[in-house]
Amino acid sequence: MKRIYLSPPHLGNMEFEFVQEAFRSNWISTVGPHIEAFEAEIARYAGTKGAIVVSSGTAGLHLALRVHGVGPGDTVFVSTLTFIASVNPIIYQGAEPVFIDSEPDSWNMSPAALERALADAARKNRLPKAVIAVNLYGQSAKYDEIKALCAPYGIPVIEDAAESLGAEYKGRRSGSIGDIGVYSFNGNKIITTSGGGAVVSDNLEHLQIMKHWSTQARMPEIHYQHEEIGYNYRMSNILAGIGRGQLLELDGRVAARRKVFANYRERLGAIEGISFMPELAEGFSTRWLTAMTVDPSQCPVPVSRIIAALQENEIESRPVWKPMHLQPCFAGKEIYAHSPELNVAEQLFACGICLPSGSNLTEEEQSRVMDIIEEVIHKQSVSL
Ligand SMILES: *Cc1c(COP(=O)(O)O)cnc(C)c1O
């Protein structure tokens with residue numbers, strides 16, 4: 001039985017061509033024409049004045065924090081329902097994360113929780129240096145609300161758009177709405193360079209400084225001259241070539257993932273207690289991963305049982321992200337819940353599951369996944 005993965009790479013027609021061109025011209029290192037071309041193409045796609053490519057999304061977030069002056073003793077507000085890469089760069093900069101819960105409409109940062117956190121921080125004279133809002137599973141957060149809350153304090157909004165390349169919010173591309181946006185081209189993302197990332201912004205000065213830091217802060221001298229500390233966060237010309245080919249396929253990948261989602265919802269949505277991640281009316285989600293919840297009061301099958309049944313049948317699925325405020329490495333950090341009675345992220349983690357969502361998932365494979373889910377739920381219901 002062929003194993004079904006959560007979100008495997010999906011190659012198109014031009015990637016190998018671009019890589020061959022890099023080989024033919026001997027530009028196989030960290031400089032070369034694909035890098036500049038890829039940066040221009042990403043900026044054009046995002047609708048921003050510029051873009052830089054880097055070695056990973058995590059590296060991009062790190063540069064974004066530093067360019068906004070985040071340093072030791074500062075705090076940064078960040079979504080709690082996310083992958084740890086949204087938070088680690090805050091720690092790299094010696095700053096403190098304050099976790100903000102999700103809201104039910106988009107599963108992304110709760111404006112209500114953010115508002116309380118900002119009011120508290122203003123009272124304590126400890127406003128955050130930046131807010132990192134994560135766009136989960138291909139969907140943009142509520143930026144009108146988030147930006148309106150941050151603007152009076154002049155706090156920059158960093159969009160962790162690692163999972164949302166191709167999504168829109170009020171007609172604008174995800175990643176281009178905050179002060180700065182970060183994409184990931186990790187192997188499981190909607191398009192991939194095998195590993196890599198990009199930072200987009202309208203602030204060309206910021207992009208230039210970040211590019212400088214990403215190349216060991218090396219000054220343009222014939223000798224090796226360094227006036228500050230940088231990093232080796234570059235992307236190679238070969239990987240930029242893969243990225244150029246992948247970007248040509250992006251719109252088709254988005255359509256394919258949305259179709260996968262629609263198929264799941266059509267069939268599994270009929271089961272009592274199963275609901276799907278909502279889509280904001282003002283947004284357009286890529287449905288990078290199909291995420292659904294199983295309400296324990298209506299469906300007596302825990303998601304762990306569904307995940308195990310799929311696993312036994314060579315199918316990869318995952319719980320929704322484990323919130324960062326529940327991670328042992330962030331024990332004791334502050335968390336602002338959506339409301340005093342409700343922590344949305346904890347609830348989503350308890351009953352949420354991500355299903356195989358690759359743009360190359362066949363209808364037959366999708367049926368295999370749904371057959372097993374229906375079977376395990378039916379079996380459990382009958383035995384009760
Ligand atoms: C994948 C991901 C990242 C990190 O991207 P890498 O390229 O793997 O470093 C950051 N944030 C979120 C939400 C992600 O899903």
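Sort the shell around the ligand by class and you get four nonpolar, eight polar and three charged residues. This is a predicted model, and every value below is computed from it. In total, 15 residues surround the ligand. The closest are T58, D160, E163, S184 and K189.

Now look at individual side chains. D160 places a side-chain N or O atom 2.8 Å from a nitrogen atom of the ligand. E163 has a polar side-chain atom 2.6 Å from a ligand oxygen. K189 also faces an oxygen atom of the ligand, with 3.3 Å between that oxygen and an N or O atom of the K189 side chain. Each of these distances falls within the 3.5 Å limit for a polar contact.

How much of the ligand does the protein bury? Taken alone, the ligand exposes 380 Å², and the protein buries 93% of that. The space that the ligand takes is the largest pocket.

Turn next to the aromatic rings. The structure holds eight aromatic pairs. One of them joins F38 and F185.

Terms used: Residues numbered from 1 in each chain as written. Predicted model: local features only at pLDDT ≥ 70, side-chain atom pairs only at ≥ 80, totals over all residues. Heavy atoms only, no water. Near = heavy atom within 4 Å. Polar contact = N/O pair within 3.5 Å; in protein donor to acceptor, adjacent residues only side chain to side chain. Areas by Shrake-Rupley, 256 points an atom, 1.4 Å probe, with all protein chains shown as cover. 1 Å grid on protein atoms, 1.4 Å probe; cavity = no way out; pocket = protein on both sides within 12 Å on 5 of 7 lines; lining within 4 Å. Sits in = over half its atoms within 2 Å of the grid points. Nonpolar A, V, L, I, M, F, W, Y, C, P; charged D, E, K, R; others polar. Phe/Tyr/Trp six-rings, centres within 6.5 Å; stacked < 30°, edge-to-face > 60°.
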